Amino acid sequence: MTESRCGWCGTDPLYMAYHDTDWGVPEYDARALWEKLVLDGFQAGLAWITILRKREAFRAAFDGFDPRKVAAYGEADRARLMADAGIVRSNAKIDAAIHGAQIWCDMTDNGEDFSAWLWSFVGGAPIQNAYASMAEVPTTSPEAEAMSKALKARGFKFCGPVIVYAFMQAVGMVNDHITPCHRHGAVKAMGR
């Protein structure tokens, strides 16, 4: 029996595995949330499969997305990243990642939990949607618009409402697996 999936993942084995194991699973780890936000920023203007295929290279290039290490990057690191064919080479996106790490560290150093702050935009628990088809799934929401505005106010870049909504879907802040998808109920059960 073939399992029904959300249509966006197609038949690419890597994309299907991501859909079946990662996408929509509630993530509460502050470092992991920052990593996904950075990767979604790198996705701007590109397809997610492009970033997914480069995810391990990104992790290697950015020291496992350790915000403390990335926050300390200087010109030599920027040059190294721009020379790394394994990642998306964009000065603006690399600078945004480094600056975002510095903001993350400032928040943490000031006693603010990055995860709790992000999750506050959805009341601390996943929003459980029940769309029957991909055509019904929105590209943004009031919560994404509020989070985007707050991220920008903090100084984060590449975090417009559409990018933020994709981030929220990926990290399980919203369950946008369509109801016929075999993951909809499983992800719903993971909600706090």
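Pockets in a predicted model

Mentor: About 440 Å³ of space lies in the largest pocket of this predicted model. Local features need pLDDT of at least 70 and side-chain atom pairs 80 or more, while totals for chains, interfaces and linings use all residues. Residues are numbered from 1 along each chain as its sequence is written.

Trainee: Why is this called a pocket, and not a cavity?

Mentor: On a 1 Å grid over the protein atoms alone, a cavity is a set of points where a 1.4 Å probe fits but cannot get out, whereas a pocket is an open set with protein on both sides within 12 Å along at least five of seven lines. The volume is the space filled by probe spheres set on the points, which are joined across faces, edges and corners.

Trainee: Which residues line the largest pocket, and what makes a residue part of the lining?

Mentor: A lining residue has an atom within 4 Å of a point. There are 19 of them, and Trp23, Gln43, Trp48, Ala166 and Gln169 are the closest to the centre.

Trainee: Which helix supplies the largest share of that lining?

Mentor: H9, with 6 residues; helices here are DSSP runs (H or I, at least four residues), numbered from the N terminus. H9 spans 161-170.

Trainee: How many residues of each class are in the lining of the largest pocket?

Mentor: The lining has 14 nonpolar, 3 polar and 2 charged residues. Ala, Val, Leu, Ile, Met, Phe, Trp, Tyr, Cys and Pro count as nonpolar, Asp, Glu, Lys and Arg as charged, and the others as polar.

Trainee: How much space lies in the second largest pocket?

Mentor: About 260 Å³. Its lining divides into 8 nonpolar, 1 polar and 7 charged residues.

Definitions and conventions:
Heavy atoms only, no water. Helix = DSSP H or I, 4+ residues; strand = E, 2+ residues; numbered from the N terminus.
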